[in-house]
Amino acid sequence: MTATHVVDHIHDEPMSEVALRSVAIEALLAEKGLLTDDEVRRQVNLMDGRTPADGARVVARAWVDAGFKARLLADSRSALAEMGIEIPAETPHLTVVENTDDVHNMVVCTLCSCYPRMLLGRPPDWYKSLAYRARAVRDPRGVMAEFGAAPPADAEVRVLDSTADLRYLVLPRRPAGTEGMSEEELAALVSRDSMIGVTDALAP
Amino acid sequence: MPAAHDRGGWPDDTPIDRSEHEYSDWERRVDAVHQVLGQQGIRTTDEMRRAIESLPPERYEALSYYEKWTAALELLLIEKGILTGEEIDAKTAELRAQGL
């Protein structure tokens with residue numbers, strides 16, 4: 001692949017100097033045979049295809065199937081495999097935590113941006129922001145209030161700090177008034193932000 | 001004072017900017033390049049973190065997320081002898097000349 005091939009895939013302008021350097025680096029790596037355009041494109045498509053809908057499907061299953069929920073909380077990898085979601089061996093460990101009336105979990109990565117990309121896709125900008133990383137551990141309820149959420153006043157709030165080796169997914173509380181809803185209908189209530197723990201799931 | 005990347009608990013009262021941007025092509029690709037190089041054993045997540053965390057504080061705070069990834073990638077590839085800074089400078093100039 002030549003630099004010209006890379007240029008064909010980039011439709012951003014104007015690009016910052018650093019952004020342009022990323023294109024230059026990819027072109028040089030391709031010229032040296034260290035990666036191919038196909039490999040990069042496959043990876044881009046793979047990540048584009050991962051969305052919070054994947055995580056929402058898992059949460060909805062856990063809401064309707066107590067056995068699945070128990071297995072998911074105990075060993076996410078094998079529980080996800082039951083749903084046909086295969087987590088590659090090199091993917092960091094995923095721990096699923098459950099929000100209840102007594103405990104509210106909220107996830108951050110204070111050092112950078114670690115996130116359960118397998119189930120939620122690329123993280124939102126705010127998750128990576130300096131403000132969220134600083135404030136999530138100091139004032140989680142204040143942060144949640146900005147997102148329009150308020151866990152029960154007497155609930156214990158736990159802030160979980162992700163690492164390169166350990167990621168978290170929050171199982172939000174199942175909203176009231178959802179008895180009898182199908183798994184698919186329930187999944188539509190599971191917002192991305194509720195799986196990070198900054199909000200609750202949507203009301204029906 | 002903790003290092004620039006170690007943000008947990010910093011006295012920061014800035015409201016969270018919840019606006020989100022659609023990722024640009026170059027951002028998607030630099031993300032993918034990192035993953036592909038990881039799969040090939042050319043770089044690890046820990047090396048990547050160390051490289052990002054070694055950026056000077058003013059650069060760390062000024063660069064966007066994927067600009068930091070790019071700076072880290074450049075640092076690692078030069079460190080490993082895979083690319084030189086001169087090669088990257090020259091290729092960047094070539095791309096600029098092509099109108100990017």
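Guide: Of the 204 residues of chain A, 39% count as buried. This is a predicted model, in which local features need pLDDT of at least 70, side-chain atom pairs count only at pLDDT 80 or more, and totals for chains, interfaces and linings use all residues. Residues are numbered from 1 along each chain as its sequence is written, while chains are lettered from A and ligands numbered from 1 in the order in which they are written.

Visitor: Why does A:Arg21 count as buried?

Guide: A residue is buried if 20 or more other C-beta atoms lie within 10 Å of its own, exposed if 12 or fewer, and partly exposed in between, with C-beta atoms placed from the backbone. A:Arg21 has 23 C-beta neighbours inside 10 Å and therefore counts as buried. This residue lies in helix H2 of chain A; helices (H or I, at least four residues) and strands (E, at least two) are DSSP runs, numbered from the N terminus.

Visitor: What is A:Arg21 in contact with, leaving aside its neighbours within four places in sequence?

Guide: Two residues are in contact if their C-beta atoms, placed from the backbone, lie within 7 Å. By that rule, A:Arg21 is in contact with B:Thr70, B:Glu74, B:Ile88 and B:Thr92.

Visitor: How many residues does each chain bring to the contact between chain A and chain B?

Guide: Chain B brings 50 residues and chain A brings 48 residues. On chain B, helices H1 (25–39), H2 (45–53), H4 (65–79) and H5 (85–97) each supply at least two residues of the side that touches chain A. H1(B) gives the largest share, eleven residues. By class, that side of chain B has 21 nonpolar, eleven polar and 18 charged residues; Ala, Val, Leu, Ile, Met, Phe, Trp, Tyr, Cys and Pro count as nonpolar, Asp, Glu, Lys and Arg as charged, and the others, Gly among them, as polar.

Visitor: What makes the span of H4(B) close to the expected one?

Guide: The expected span of a helix is 1.5 Å times one less than its number of residues. H4(B) has 15 residues, for which 21 Å is expected, and the helix reaches 21 Å from its first C-alpha to its last. Its buried residues, among them B:Trp69 and B:Leu73, pack against helix H2 (17–31) of chain A together with H1, H2 and helix H3 (57–62) of chain B.

Visitor: Why is S4(A) called mostly covered?

Guide: Strand S4 (residues 166–171) of chain A has five buried residues out of six. Strand S1 (residues 93–98) of chain A pairs with S4(A) in the parallel sense over six bridges; pairing requires that DSSP finds at least two bridges between the strands. A:Leu94 stands opposite A:Arg167 in S4(A).
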